[in-house]
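User: I am new to this structure. Please show it and take me through a few questions.

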Amino acid sequence: MFAEFLQYLFSGLTSGAIYALAGLGFAIIYNASNVINFAQGEFIMIGGMTAASLVAAGTPLWLAVALALVVAMLVGIALERLAIEPARDSDVVTIVIITIGASIFLRGAAQVIWDKEFHSLPAFSGETPIALSGATLMPQSLWVIGSSALAIAALWWFFNRTLFGKAMLATSHNRLAAQLVGIGVKRVLLASFALSALLGAVAGVVVTPITFTSYESGIMLGLKGFSAAVLGGLGSGLGAIVGGLIVGLVEALASGYLSSAYKDAIAFIIILFVLFFMPSGLFGRRGTDRV
Amino acid sequence: MGGFVRWRAVILGVAWACAGIGGAIASEPIRIGSFLSVTGPASFLGEPEKKTLELYVERANREGGVLGRRIELIIYDDGGAGEKAATFAKRLADSDKVDVLIGGTTTGTTMAAVPMAERAKVPLISLAAGIPIIDPVKPWVFKVPHTDRMAAEKVILDMKKRGITRIALISEDAGFGKSGHDQSVAVARENGIEIVADEVYSAKDPDVTAQLTKIKNTQGVQAVFNFGSGQGPAIVTRNFRQLGMSVPLYQSHGVASKEYIRLAGDAAEGVRLPAAGLVVAAQLPATDPQKPVVTAFKAEYERAFKSDVSTFAGHPYDALQIVLAAINRAGGTDKAKLREEIEKTSGYIGTAGTVTMSPTDHMGLSPSAFHMVEIRKGDWVLLD
């Protein structure tokens, strides 16, 4: 009985940590610009695909991972410069739609640059399952959980302890006021895209040994990450992590104790229920409007 | 968007033109129309299909075409959407005036185009697996791939041979997996095999250990059968080993490609699955009549595109060969005659198996078209 429960828990933790890591990227861009970047899933895909193709070409794993992070960051910067920046005076909805267009473009480009097949990466610390009280967990899941924890700690430090991070938060609260006190709001937006692309690529690299990657793997990860971010409260890093873990655990426990056919439905019902009573999510700040 | 991209692959029979055969017999080209899911979720099927068609039409033209007429190939990309498939099929029949239709890639896109093909009386050869395409038989509609039911039969009979009577199913909850699941349930019932656990997962779930734990804890499971395509089955296989499950694991023909072995790695050792001759070309005995056909196709495809051949790439090859042979026998492209000749296809040895059609069977493959294979040391081992 307990072994069974523990296995469901591990299963949920594995999926949940993946969703959480995917959700974190949404939080950063939202924080800096109130924009939901629907190309976030594509950053994850680019990280995974770049690393997988480099490893396949014989590059050592650590170098492939490092290069994948750099490539994704450059794509994030290019996206902001070429697509978002020219439209910066438009309203948020327009920019959100631009990011949807960008995601379609990036998927198309990935099809041409790579291919339509699935690719994998070797697990970072082997494929021997860790056994614990009758349940098993793959070491790679610990990498995913660890990366999420590390990312959330780094983000907390960045937003609360560095001037630039605070400038980013200030820009999201009031762009005009931030500009008036001398914050380079253009630079803030650029940095937020670079940062969230980096985070997406980290997610892509650590989850690829578990879920594999393909040109369209960003769709699912982006969607689940978005659900996680909304559930936890958009703009809250901690919220994205908690939201992701909840979605993952609910899915696993639902398939374990109820029926795997309804696991997605159950997860969505819980999300809807939470949002009904807490429209800004579990950890979201209440929206403030100027009157 | 991308859907309206149109490849008018006008592959002229250059050799034929250069040969200086005068304008006297410069007859109309044979027009083959095709609607495939080159982009979208089924692109992993549609893209190799398109490549194969182009490759072999070009080749046929180089060799002088059929009946001295060159072949014109018109391909549209339906992106996997049924309504687009129906529109393109209509356009192919009405404005492009094609003599025969090859497509669609999926059961959904095929079925969307079927009413049009029936109404316009244009022969349609589908590249999809679904049984509804040919059952009930529609006069103008044919298909080349195996059905999901044949794969399920192959697996269930192999289980029976090993004395297995209680099994667990784990399948993808939509499309290919769903259809395969339903067929497996029916075939198992007919063969007296009891399904004691029946779990599903979504195509992109990162982890299915929860479902497998449930199966593991179900009393008396003697084998597990996974029906799905894409990355799902590879994740199932890995999670299966992670949990240390030791009963036999069966997969469907949906993963009969080297990609599955590559993704699942060592976890794929000992997995059994039904595969078409094309996948196991190298392992077929020299006496197998399919051997020369699949070996030549595989070599040609891999030389031209530098990528591993999959079962799906073989379907348009079979469709094209059946059509060209029928045109040859019919002595032209009169649609009614062509339809009749396609139906009379007999003993054609293709990548899917030996095809003998009849007025009541518009697919013409027997269950022996599948081979049961086991994965050992990262390669296929033929079991029958």
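Predicted model: local features only at pLDDT ≥ 70, side-chain atom pairs only at ≥ 80, totals over all residues.

User: How many residues of helix α7 of chain B are buried?

Analyst: Helices are DSSP runs of H or I with at least four residues, numbered from the N terminus. Buried means under 20% relative accessible area with a 1.4 Å probe, protein chains only. B:L212 and B:I215 are among the buried residues of α7(B). Helix α7 covers residues 209-216 of chain B, and of its eight residues the number buried is six.

User: Where does the largest nonpolar core lie?

Analyst: A nonpolar core is a set of buried Ala, Val, Leu, Ile, Met, Phe, Trp, Tyr and Cys residues joined through side-chain atoms within 4.5 Å. The largest has 116 residues, and B:L212 is one of those with the most contacts inside it. Because domain 1 (2-146 + 294-367) and domain 2 (148-282 + 369-382) of chain B, with bounds from an automatic or database domain assignment, both give residues to this core, it lies between these two domains.

User: What does the UniProt annotation call residues 29-373 of chain B?

Analyst: The end C-alpha atoms of this span lie 43 Å apart. UniProt annotations may be inferred rather than shown by experiment. The unreviewed entry gives the domain name as "Leucine-binding protein".

Methods: Residues numbered from 1 in each chain as written. Chains lettered and ligands numbered in written order. Heavy atoms only, no water. Helix = DSSP H or I, 4+ residues; strand = E, 2+ residues; numbered from the N terminus. Buried < 20%, exposed > 50% of the residue type's maximum accessible area, 1.4 Å probe, protein only.
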